[in-house]
Amino acid sequence: MRYLLLLVLLGAEIAAADPPDNYPFVSYDTGLQQAQQEKKPIFLYFGRYGCGFCAKTNKESFSDADLKKRYVDNYVLVYADAESGGRLTLPSGERITEAELGAQLNVFATPVFMYLDMNGELLFRAPGFKTVKEFVDFDQYVQEGHYKTQSINEFLSKR
Amino acid sequence: MTRFLLLLALCCSHVNALADPLRFETPLSVTAVSAGVFLHLDSSGRRSVAISGAVAAVVWEDNRSGKPAIYIAYRVQDKSGFTPSEKISMQSSAYEPVITALGAQRFLVAWEEDERLWLRVVSPSKKGEVIVIGQAPAKQISIAAGTNGKIGAVWSQGQQRNAYVYYGELQVAAYAIEVVSPRLVDDSKDKNVQLYPALAFSQSGHAVAWEDRRHGNTRIFAAFAPKGQPFLPYQQLNELESSPNPDLGKGSGAMRPVLASDGKQAIIAAWMDKRNWRSGYDVYAAVSENGGASFAKNEQAQDEFGENVPQWHASAALRETDGLGAVAWDDTRNENSDVFYSLRKQGEWSEDYELPGAAGPGRQSHPAIVFDGQGSMHAVWLNHEEGHSSLHYTRSVK
């Protein structure tokens, strides 16, 4: 029983720093390769250890089962810790850290959600806490190809 | 009228107290690489340049050999260029080198390779044996030497949430290194992940600063060891809001502490701090006047013009001759990344100054700075322009 309690406590602590539970998030370099293989766009989640709005998004939005199925089916899910020294290798061959990736992509507040095409090109970025509905809207913008003809704000203003 | 004159006098006295920008030599190229090769000036404590006598030495990592390796180049006796790059790491992929000056034109270099940490004494004429320090897995080593002859290393050792900061004293004789009893810097029961340590020596002991995650977010902690004694309990360096917004979690982030000493009793700590979170990281600093035993209140090292963009890659230096403090970093206030520095004189930070040669077209970033014994500031940084990378150096002149 004590062991179980310890596991629960440990899990709660890890959840405060990490992507939402039970989602198949991978690292940025792995995700770029996977996107090419699976011909899927990339959902890139930049978080930070102790980031309150990340925890809020995990708890209030990513806990939604339908949203989870939609995003797992439609994207290669990538998570990056904006403070991490974890190493990545970019398609160019450059080796950088997750924190450096954040610097290059100008991620200065977390969370930041980025939608990339399967080649890693940025489609748009959505900083801050997002609701389930917002994530669904973003998904439709990407999956239905609206990004080819209009900005995300133009798309959202018509809904 | 009297009031106006008084105000004017006060303003003038304030302005006069601020440090003027330094004057620098024309920058030199340390090394340049072709497309597909990537230079990195990343390390715990950002110690990439050191000065021993009339020799300046720069260490970095690049993949010119097909895998990341550690290289060094020297500028000897005011020559107009650097020596050719020399590889100093071994056969595996190597990362995050640091350097500190020893006497007689020698330098101590450390880096990570095969999840272990390695040390080597080098000079323009000789390379000593490579020795290991700590136990695998270990990473993020930083090193320092004090004016009292003390030399030490700090690093993060252990897996994931059991990664803790260790300190090891080093005894160096010519090119031979002996590691003396590595030990935990913080032996408290509640410690959690500890990363990116920095080290500085003062006359009364040595101070270590690191990233600490025990409170649920990343904070900057420091601990002081009086000369010949164990480390005292840690203190938190980055100040938090007294009534934080609960939506912001356990508090704003802070990361990558650096330390610099004047060789006497002053130590400056600097780090990237997200307390003004809407504009990303700012550069904050705290100064100790008692050898690292305690630090005064936090100070914002950058000026207001950098408020709208994040700052990255803070490096710090402290001048032995007059206590002038300096921090350097890169930011994008001019659209593309440039290197800036700010000077701390009599407790006041100057405006931000562009580092000559490290601003303009292309991206200039990842500065590392150090003062020499004569009071000149030496700086290195990366330049990325039209797909090519190069590493540059400059030195301030009187």
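B:His40 stands opposite B:Glu61, a residue in strand 5 of chain B. This is a predicted model. Strand 5 of chain B covers residues 55–62.

- Strand 3 of chain B (residues 39–40) runs antiparallel to strand 5 of chain B, and two bridges join them.
- Strand 4 of chain B (residues 49–52) also pairs with strand 5 of chain B in the antiparallel sense, over four bridges.
- In that pairing, B:Ser52 faces B:Val55.
- Strands 4 and 5 of chain B make a hairpin with two residues between them. B:Gly53 sits in the turn and has a positive phi of about 60 degrees.
- Strand 6 of chain B (residues 69–76) is joined to strand 5 of chain B by eight bridges, again antiparallel.
- Here B:Val59 stands opposite B:Ile72.
- Strands 5 and 6 of chain B form a hairpin too, with six residues between them. In its turn, B:Gly66 has a positive phi of about 105 degrees.

**Buried on both faces**
- Is strand 5 of chain B enclosed or open? Eight of its eight residues are buried, so the rest of the structure largely encloses it.
- B:Val55, B:Ala57, B:Val59 and B:Glu61 point one way. B:Ala56, B:Val58, B:Trp60 and B:Asp62 point the other way.

**The nonpolar core**
- Nonpolar side chains tend to be buried together in soluble globular proteins.
- The largest nonpolar core here has 153 residues. B:Val58, B:Val208, B:Ala269 and B:Ala270 touch the most other members.
- Beyond four places in sequence, the contacts of B:Val58 include B:Val30, B:Ile72, B:Val380 and B:Tyr393.

**An open sheet in chain B**
- Four strands of chain B form an open, antiparallel sheet in the order 21-22-23-24.
- Strand 21 (254–261) and strand 24 (299–300) of chain B each have a single partner strand, so one side of each lacks a neighbour in the sheet.
- Six bridges link strand 21 of chain B to strand 22 of chain B (residues 267–273). B:Ala254 stands opposite B:Asp273 there.

**Chain A and the contact**
- Chain A has a mean pLDDT of 89, and 89% of its residues reach 70 or more.
- Residues 1–16 of chain A have pLDDT below 50.
- The contact between the chains takes 17 residues from chain A and 24 residues from chain B.
- Helix 3 of chain A (residues 52–60) gives the most to chain A's side, with four residues.
- That side of chain A holds eight nonpolar, four polar and five charged residues.

How values were computed
Residues numbered from 1 in each chain as written. Chains lettered and ligands numbered in written order. Predicted model: local features only at pLDDT ≥ 70, side-chain atom pairs only at ≥ 80, totals over all residues. Core = buried A, V, L, I, M, F, W, Y, C linked by C-beta atoms within 7 Å. Buried ≥ 20, exposed ≤ 12 C-beta atoms within 10 Å, placed from the backbone. Contact = placed C-beta atoms within 7 Å. pLDDT = per-residue confidence, 0-100. Nonpolar A, V, L, I, M, F, W, Y, C, P; charged D, E, K, R; others polar. Pairing = 2+ DSSP bridges.
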